[in-house]
Amino acid sequence: MNIYDIAKMSGVSIATVSRVLNNKPGVSENARNKVMAVVEQTEFVPNQLAKSLANSKSFVIGIVMPGINDYYSNRVDAIHKVCKEEGYSLMITSNYKDTNSIEEDLFNFNLLIEKRVDGIIYFPTHVSNPHYELLKKLEKKIPMVITDSDIEGIDISCVVQDSETPTKELMAYLLDGGHERIGYINGLSYDQVNNKRYGAYVSSLKNRGIEVDEDLVELGNFSFSSGYQALIRMKDKLNEKGKDMPTAIFAANDKMAIGAIKASKELGIRVPEDLSVVSYDGIEYSEFFIPKLTTVKVNQYKLGQLAAQTLIEKIETKKTKRVKVVMDHKIVIGNSSRPLNQEG
């Protein structure tokens, strides 16, 4: 059974059958009903390979991501849902967790090209010169969408988070609340989004005339345990130098904030009475953790949805004009922080 048989049995042209099966306009309701009646009667399933060959398309979208972890789960779920709704399959490639290997990234890009995917969604962290050169070569050859970062000099559409504005808003919340000695648990230095957050932390302090105390900055890797260890290292370092602990800490993501709160409790530091903790991401767990986190919430599902829709539109319309979508955000004030200049 093929579309020629469907056309013969339903008494319409092959082109009409094709339009109906691909849910395209330009078909009368009567003709559409005839075709669908035969499809249901024969339990016809379109041959995706034949469809691909006829259209010179694979109907597959690829993802290049830094690693399989729960941070990206809602984003990937949304991309998958949009792809299924639009008749596309999804091929996911990733590095081994936390390796951020340039070689693996480049291998994954080349693998997707070899598999002749129709488009690629890229989750960048470390954009090196080899990445940059490859993206420059690909930008005119295959539809692409980048998430999280807007890479300067690359003419590729993107759906990005504004990491600086929310960080400054949360820093203003702390500073306006009387906090001046604010620590920071930084993420991996190669992560572009993380670097923007740290830069916003530094500029927020300097704009209030407060010098950055490097002893209040510790490095983590976005995990629970790294936040836990970072807080302990900070406490030990400050004790050795005879310095006081900060009154607030900004963690670059929710997981490190939760790890830092666990360490604080073990050290006898009360949150938020002695130490306010704020963070970034708004992962689901942060809403159920006690104390509930004060955090910047970004809708990762919507981010993935917009990325997939943007890419498929580029594939279907063959439009090459660059599109930039900036995600909105929400500051969630939880119980992990408090103003110093208010009673209680």
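Two strands are taken to pair if DSSP finds at least two bridges between them; strands (E, at least two residues) and helices (H or I, at least four) are DSSP runs numbered from the N terminus. The structure is a predicted model, in which local features need pLDDT of at least 70 and side-chain atom pairs count only at pLDDT 80 or more, while totals for chains, interfaces and linings use all residues. Residues are numbered from 1 along each chain as its sequence is written, and side-chain values use heavy atoms, with hydrogens and water left out.

Together with helix H5 (residues 73-85), E1 and E2 form a right-handed β-α-β unit (with the strands pointing away from the viewer, the path from the first strand over the helix to the second runs clockwise).

Further along comes an open sheet of 6 strands, ordered E7-E6-E8-E9-E10-E12 and mixed in its pairing. Strand E7 (217-219) and strand E12 (330-332) are the edges; each has a single partner strand, so one side of each lacks a neighbour in the sheet. Parallel pairing over 3 bridges links E7 to strand E6 (residues 182-186), where isoleucine 185 has glutamate 218 of E7 as its bridge partner.

Helix H8 (residues 164-176) lies across E6, strand E8 (248-251), strand E9 (276-281), strand E10 (294-297) and E12, and runs at about 170 degrees to E9 (axes are lines fitted to C-alpha atoms, for helices over the stretch in contact, with angles from 0 to 180 degrees between N-to-C directions; contact means heavy atoms within 4.5 Å). Helix H11 (residues 254-266) also packs on the sheet, touching E6, E8, E9 and E10, at about 155 degrees to the direction of E9.
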